[in-house]
Amino acid sequence: TQTTTVDRGEGERSGWMTKQGDLIKNWKKRWFVLTANHLYYYRAHSDKQCAGDIILDNAIIGPGHHKTQKPNTIEIATKNRTYYVYTDSLSEYEGWVAALAQATSPLRNHWDISLLEELKIAKGPIVLIVRGMECDKCMGKVETIIRSVQSPPEAKIELDAESQKVVIHGTSDHNALFNALEEVGFLPCLVV
């Protein structure tokens with residue numbers, strides 16, 4: 001996060017969202033402006049100097065309500081930090097999700113289902129990062145879920161809790177896998 005002055009304009013999308021602080025985990029309403037691969041946020045709509053800048057290169061976008069217990073929450077995981085923002089309405093949430101999904105690499109966000117459909121029958125290993133898989137019990141739960149949607153079920157699966165990385169040798173239905181993992185609180189994303 002850096003403080004810079006940018007040509008404000010309205011960008012590709014702009015509007016109010018509530019953002020969780022970095023060190024003190026309080027929530028503050030901010031004016032956000034999405035421009036190309038940057039999500040700028042301001043303390044007030046009229047401010048010329050941004051309070052922060054989230055660089056979306058290689059960011060992973062996903063639902064965040066399971067971590068914050070707040071509806072309409074979006075998780076933005078960047079190389080250096082994970083951000084949580086939420087909107088006041090479902091329609092605003094859907095608009096921001098669509099805009100952020102377009103601004104990030106399409107294979108690294110949870111909502112680009114059409115691309116996942118093309119990769120449904122993948123050749124070679126499939127590599128996922130599964131956020132939330134941080135202990136042996138979680139690894140066991142992830143492996144059970146993968147085996148329930150994978151073909152063949154006895155295919156080799158490599159899991160690493162430290163890196164939260166999963167390698168699946170075989171084919172699997174990405175939509176079913178992502179949905180099943182998300183239902184129990186994990187946040188999967190495809191690594192390409």
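This is a predicted model: local features need pLDDT of at least 70, side-chain atom pairs count only at pLDDT 80 or more; totals for chains, interfaces and linings use all residues.
What covers the buried residues of H2? Residues are numbered from 1 along each chain as its sequence is written, and side-chain values use heavy atoms, with hydrogens and water left out.

Let me begin with the sheet. It is open, has 7 strands in the order E4-E3-E2-E1-E7-E6-E5, and its pairing is antiparallel; strands here are DSSP runs of E with at least two residues, helices are runs of H or I with at least four, both numbered from the N terminus, and two strands pair if DSSP finds at least two bridges between them. At the edges lie strand E4 (52-55) and strand E5 (60-63), each of which pairs on one side only. Neighbouring strands are turned by 35° against each other on average, direction ignored, where axes are lines fitted to C-alpha atoms, for helices over the stretch in contact, and angles run from 0 to 180 degrees between N-to-C directions.

Next, strand E3. Since 5 of the 5 residues of E3 are buried, this strand is largely enclosed by the rest of the structure, with buried meaning under 20% relative accessible area for a 1.4 Å probe, protein chains only. In a regular strand the side chains alternate between the two faces of the sheet. Here His38, Tyr40 and Tyr42 point one way, while Leu39 and Tyr41 point the other way. On one side, E3 is joined to E2 by 5 bridges, and Thr35 stands opposite His38; the two strands form a hairpin with 2 residues between them, where Ala36 in the turn has a positive phi of about 50°. E3 is also joined to E4, by 4 bridges, and there Tyr41 stands opposite Gly52.

Finally, helix H2. With 14 residues, H2 reaches 20 Å from its first C-alpha to its last, close to the 20 Å expected at 1.5 Å a residue, that span being 1.5 Å times one less than its number of residues. H2 (residues 90-103) packs on the sheet, and its direction makes about 100° with that of E1. Its buried residues are Tyr93, Trp96, Val97, Ala99, Leu100, Ala101 and Ala103. To return to the opening question, what covers them includes E1, E2, E3, E5 and E6, contact being heavy atoms within 4.5 Å.

Technical notes:
Buried means under 20% relative accessible area, exposed over 50%, partly exposed in between (1.4 Å probe, protein chains only).
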